[in-house]
Amino acid sequence: MEIPAGFRFFPTEEELVSFYLRNQLDGRRQEMHSVIPVLNIYDVEPWDLPQLAGERCRRDTEQWFYFTPRQEREARGGRANRTTASGYWKATGSPSYVYSSDDRVIGMKKTMVFYKGKAPSGKKTKWKMNEYRAIEAVPNPTAVTTTPMLRHEFSLCRIYVVSGSFRAFDRRPLEPVSQATQLHENRTATFLERASMMEVTSSSSTSHSGGDHSDQPEANEDDIWEMVNDLEEPPLGWEQMNWTGV
C-alpha cells in the first residue's frame with residue numbers, strides 16, 4: 001500500500017506502551033513492524049537509524065520508533081551495553097511513569113542522550129532517546145492482590161533530534177491535571193527528592209559523562225525497581241485499542 005502524502009506517525013505515550021509495546025510483548029500484531037521494526041539500536045549509530053525505520057515511517061523527519069530486545073547480559077542480571085562504534089547513550093535525569101488516560105501507571109520512561117567519543121569524556125550531541133518499558137500486574141498466589149512487574153523482554157525506543165523548537169510529538173492540547181494524576185505525582189515525590197539528593201551529592205565530584213555539558217544524575221536499575229515496587233495500586237487494565245492499520 002502506498003503511503004499517502006502528508007502521512008505522519010505521531011502516537012501518544014499511552015498508545016506506545018499500552019498498544020504497541022504490549023502487543024509486541026505478547027507476540028501479537030506482527031503487522032506493527034512495518035511501523036515499528038525490531039532492531040538492536042545499540043548496533044547502529046543514531047544518524048543511521050532513520051534509514052532503518054519502519055517502511056511506513058521512513059519519510060518522517062522528526063522521530064523514529066524501534067522495538068529493542070533485551071540484551072543477553074541484561075538477562076543474566078547485568079547492565080545494558082549502550083555503546084556504539086563512535087559513542088554511547090547515557091541516561092539523563094530520573095525515570096518517570098507513563099500514565100493511561102484514566103490515570104493508571106502502565107509503564108516507565110527513561111530519557112537518554114548520545115555522546116560521541118569514549119566515556120567519560122564524550123561530547124554531547126543533539127540525538128536523544130525515550131526508552132519505554134511496560135509495567136504489568138502479576139496475580140499474587142497468596143492473596144487476592146496483584147504485584148506490579150517491569151517487563152524487560154522488549155523496550156520501545158523513540159529516537160529524535162533536539163531542534164530547539166516544539167516537535168509535533170509535544171504539540172498536544174494541555175489537559176487539566178486530574179486529582180488521580182496529582183495523587184500519582186505525590187506518590188513519586190519521595191523518589192524525586194532522592195534524585196535531588198543525588199544531584200547535590202554528585203555536584204562536588206567529577207562528572208561521569210564529561211564533555212561540554214552538565215546532566216542530571218542517572219538513576220540505576222535499583223531506583224527503577226523501587227519506583228515499581230512503590231506503586232500502591234496495580235497498573236492493570238491494558239487499553240483495548242482496535243488495530244486499524246496505519
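This is a predicted model: local features need pLDDT of at least 70, side-chain atom pairs count only at pLDDT 80 or more; totals for chains, interfaces and linings use all residues.
Local features required pLDDT of at least 70 and side-chain atom pairs pLDDT 80 or more, whereas totals for chains, interfaces and linings use all residues. Residues are numbered from 1 along each chain as its sequence is written, and side-chain values use heavy atoms, without hydrogens and water.

The protein chain has five helices and six strands, assigned as DSSP runs (helices H or I, at least four residues; strands E, at least two) and numbered from the N terminus. Along the sequence, these elements follow the pattern α-β-α-β-β-β-β-β-α-α-α. Among contacts (heavy atoms within 4.5 Å) with a separation of 6 or more, 71% join residues 24 or more positions apart. Of the 246 residues, 45% count as buried (under 20% relative accessible area, with exposed over 50% and partly exposed in between; 1.4 Å probe, protein chains only).

Eight aromatic pairs were counted, a pair being rings of Phe, Tyr or Trp (its six-membered ring) with centres within 6.5 Å; planes under 30 degrees apart count as stacked, over 60 as edge-to-face and the rest as tilted. The rings of F9 and Y20 have centres 5.5 Å apart and planes at 85°, so this pair is edge-to-face. F9 precedes α1 (13-25) and Y20 lies in helix α1, so the pair ties together parts 11 residues apart in sequence. Both F9, at 5% relative accessibility, and Y20, at 8%, are buried. Ring pairs link F9, F19, Y20 and F65 into a cluster.
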